[in-house]
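Thanks, everyone. Please look at the screen.

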Amino acid sequence: MAGEISLTGRVLPIGGLKEKSMAAYKAGVKKVIIPADNEPDLYEIDEVVKNSIEFIPVTKLDEVFGVALCSSAKNTKSKVKFTPHDIIIKDRRESDEIR
């Protein structure tokens, strides 16, 4: 996955969606999370690729985590919600353990 997020957790648009989608298709990827702002770019993607990959548009980082981490847990009723703050705290804890 390539992309950027804002400090508030907003998923920012990416460039080269067509090329990235083709690479995902060739690698056998079945789901691709894309920024919602890139939905209009889906028209550029080859029909074979579009029919083989499920494109999931997201606007916030917690949606990315929800799809990426919880999609295999089919029967779970709880929602996982992460914020950029959670990631920073986790990274700080790991770096403290290394010292």
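The structure holds two salt bridges. By salt bridge I mean a side-chain nitrogen of Lys or Arg within 4 Å of a carboxyl oxygen of Asp or Glu. Before the details, a word on the source. This is a predicted model, so local features need pLDDT of at least 70 and side-chain atom pairs count only at pLDDT 80 or more, while totals for chains, interfaces and linings use all residues. Residues are numbered from 1 along each chain as its sequence is written, and side-chain values use heavy atoms, with hydrogens and water left out.

Take Asp37 and Arg10. They form a salt bridge, with the closest N and O atoms 3.3 Å apart. This pair links distant parts of the chain, 27 residues apart. Asp37 sits in the loop between strand 1 and helix 2 (47–52), and Arg10 in the segment before helix 1. Helices here are DSSP runs of H or I, at least four residues, and strands are runs of E, at least two, numbered from the N terminus. Buried or exposed? Asp37 is partly exposed at 43% relative accessibility. Arg10 is also partly exposed, at 38%. The cut-offs: buried is under 20% relative accessible area, exposed is over 50%, and partly exposed is in between, with a 1.4 Å probe and protein chains only.

Now the other pair. Glu47 and Lys50 meet through their side chains at 3.2 Å, N to O. Why can they pair up along helix 2? They are three residues apart in that helix, so about one helical turn separates them. Lys50 is partly exposed, at 26% relative accessibility.

Step back to the fold. The chain has four helices and two strands. From the N terminus, the order is α-β-α-β-α-α. Of its 99 residues, 24% count as buried.

Next, the inside. The largest nonpolar core has ten residues, among them Ile14, Ala24, Val32 and Phe55. Helix 1 and strand 1 (31–35) each supply at least two residues of this core. A core here is a set of buried Ala, Val, Leu, Ile, Met, Phe, Trp, Tyr and Cys residues joined through side-chain atoms within 4.5 Å. In soluble globular proteins, nonpolar side chains tend to be buried together. What does Ala24 touch, leaving aside neighbours within four places in sequence? Val29, Val32 and Ile53. Contact means heavy atoms within 4.5 Å.

Last, Tyr25. This residue is in helix 1 (residues 17–27). Tyr25 is partly exposed, with a relative accessible area of 34%. That's the tour.
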